[in-house]
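Welcome! Here is a short tour for anyone meeting this structure for the first time. Take a look at the model, then read on.

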Amino acid sequence: MKKIGVGILGLGTVGGGTYRILTENHNNIACKEDLDIQVIKVLERSVERALQKGVPASIIANNIDEITANNEIDVVVEVIGGIEPAKTFITKCLMSGKSVVTANKELISKHWSELEEIAKKHKTGLYFEASCLGGVPIIRSLVEGMQANNITEIAGIFNGTTNYILTKMSEENMSYSDALKEAQNLGYAETDPTSDVEGYDTMYKLSILSTLAFGKRIPLENIYREGITKITKSDIESGKELGYTIKLLAIGKMYNNSLEIRVHPAFVPDEHPLATVRGSFNAIHLVGNYVGEIMLYGKGAGDLPTGSAIVSDIVYSAHINEPRYIKFDCAVEDKNLVTDFKSKYYMLINCADKPGVLSQTTAILGKYEVSIESIIQKGKHKEFARVVFLTHKTSELSMMKAINELKKLEVVDSVESVIRVLE
Ligand code: HSE
């Protein structure tokens, strides 16, 4: 039976889950895969934490050199997160001939080509199934299961924390701050939740998956990103009345050889499969020109789901004699993303409640060719009428110009919310 030695960098939540799966499920994996996978060393600053997770003191390393110099280690799992020291450690491991498995979406989305070059030069493997959607095997499905296709669209819910918060706001009428506090108490959200709630985490994952799906690299700064911090209970209530559920969506589309890549909250029609993805679950919907639609759903975070993806990469790397690399020469950088995409919009304005106000507002929308599907007056806020506009599919730039002009109208107090609507 082939022996595979593993080193683990970091024994936090995901490192602990990986260690548990590798030890608890060792015999089953050995039987199914004909592989004897042993954890040889674990690098963890807190010895106490490692011991609590059942790691014997004899295999706790003090520094990265103990991992890179160990000839019994074939694969190193990096689950420290962030850029440094993860990048330096991964580089050292690749340069010492070890394959690397990582869950680090930020690092891969920012330094993928550089790390892949090092892996290529040293004929080692670089695997990151766990970086996108935790336990959902999306990378393997894309890379190994959809090669026949040109992927035209990916869309999904890539962040469990924000989906948990939005679900609580929708189903239990919680405020954003209460739902965030609950997510933090349950360990879903970090003490500093910025990466999740402002859409960075979703953006990193969308960048990696878009490169794999569309064969183009997209500079992160060119991706449109908007988080969920401005979503209010009132938006959610209005959405419900119109038959929509609010979600933080990642959207990537390829058409006419152009890419549209964006992250933002959106109203999803209740009957759309993504509307049914509740709590901390993730899902991705893909369209290939031959296969048609595919949807994957599962846990996007947590020790065992993410550990499951990591162990699958370890097994995969053990079976591969010659690692494969993404052809970065094919994956040309595309900075010219479509910015004037088309969408339906929900817009709530607070305006004077008197004759002629609606005609002034609709005149501006008309001037920018924004066609209205419906208008609903929803009571009052102070002395102002609250009016919801639902548009037909329209150009983003036209909509933004119209909103700017609406804000200048004397009869308009504020444009309270603008939310895109998925069709
Ligand atoms: N923080 C992420 C989420 C999991 O809430 O989905 C790791 O990417």
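## A term to start with

In this report, two residues are in contact when they have heavy atoms within 4.5 Å. Please keep in mind that the model is a predicted one.

## How the chain is divided

The protein chain falls into three parts: domain 1 covers 2-134, domain 2 covers 138-299 and domain 3 covers 342-421. The centres of domain 1 and domain 2, taken over C-alpha atoms, are 28 Å apart.

## A look at helix H9

Helix H9 spans residues 176-185, and its buried residues include Tyr176, Ala179, Leu180 and Ala183. They lie on the same side of H9, because the arc they cover around the axis is only 100°. An α-helix has 3.6 residues a turn, so residues three or four places apart point the same way.

What do the buried residues of H9 pack against? Their partners are helix H8 (160-172) and helix H10 (194-197). After H9 comes Gly187, which has a positive phi, near 85°.

## Where domain 1 meets domain 2

On the domain 1 side, 13 residues are in contact with 18 residues of domain 2. Between these two domains an area of about 1,400 Å² is buried, and carbon and sulfur atoms give 72% of that area.

Charged and polar groups take part as well. One salt bridge is found across the interface of domain 1 and domain 2, along with three residue pairs in polar contact. Elsewhere in your viewer, you can look up Lys105 and Asp201: their side chains meet in a salt bridge, at 3.7 Å from N to O.

Methods
Residues numbered from 1 in each chain as written. Predicted model: local features only at pLDDT ≥ 70, side-chain atom pairs only at ≥ 80, totals over all residues. Heavy atoms only, no water. Buried < 20%, exposed > 50% of the residue type's maximum accessible area, 1.4 Å probe, protein only. Helix = DSSP H or I, 4+ residues; strand = E, 2+ residues; numbered from the N terminus. Arc of directions from axis to C-beta. Domains from an automatic or database assignment. Buried area = accessible area lost by both parts, 1.4 Å probe. Salt bridge = Lys/Arg side-chain N within 4 Å of Asp/Glu carboxyl O. Polar contact = N/O pair within 3.5 Å; in protein donor to acceptor, adjacent residues only side chain to side chain.
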